[in-house]
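Hi everyone, thanks for coming. Please bring up the sequence and the model on your screens.

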Amino acid sequence: MKHKTLNRRQKGVGLIEVLVAMVLLSLCLLGMAGLQVVALRNDQSAQARSMATIMSYSITDSMRANIAAAKNGDYNLTACSAVSGTSLANTDLISWISAVKSAIGQTACGGINCVNGLCEITIQWDDSRATGGDQTYTLTTRIQL
């Protein structure tokens, strides 16, 4: 007789354990989803930094191909300013700014300052999607032509 009363008291304990396990599992899955979102944001930010480096080297190669104009200051560009003209340097700058905007985003812009063959290439862009706030990144490359 005693055996039957123990079974009655044990009724429903298995369902509570399953419910607790399901709550813990759902919390773990939500945490993993949050980590995935953060990882994707950081991946986009790293990709933008990599593309900025590649774009910096791209204009460097163009300047070395037209070294006389680069040393003359024809590639000098105030950050985030518009470029117009038909010279080789202006054509290089127009295509470079276009490539920077398509690779990094429409907020990206660049500038170049060459003095006596020492050039400073600056690319800046808004990285607020990755950081969750207002964040402007600037990549500066210094080269000697």
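I'll talk about the disulfides and then the nonpolar core.

Some background: this is a predicted model, where local features need pLDDT of at least 70, side-chain atom pairs count only at pLDDT 80 or more, and totals for chains, interfaces and linings use all residues. Residues are numbered from 1 along each chain as its sequence is written, and side-chain values use heavy atoms, with hydrogens and water left out.

So, how many disulfides does the structure hold? There are 2, a disulfide being a pair of cysteine sulfur atoms within 2.5 Å. In one of them, cysteine 80 pairs with cysteine 109, with the sulfur atoms 1.8 Å apart. Cysteine 80 sits in the loop between α3 and α4 and cysteine 109 in strand β1, so this pair ties together parts that are 29 residues apart in sequence. (Helices, H or I with at least four residues, and strands, E with at least two, are DSSP runs numbered from the N terminus.) Cysteine 114 is joined to cysteine 119, S to S 2.0 Å, and with 115° about the S-S bond that link is right-handed.

Now the core. A nonpolar core is a set of buried Ala, Val, Leu, Ile, Met, Phe, Trp, Tyr and Cys residues joined through side-chain atoms within 4.5 Å, and buried means under 20% relative accessible area, with a 1.4 Å probe and protein chains only. The largest one here has 24 residues, and Trp96 and Ile123 are among those with the most contacts inside it. Its largest share, 6 residues, comes from α4.

Note on methods
Buried means under 20% relative accessible area, exposed over 50%, partly exposed in between (1.4 Å probe, protein chains only).
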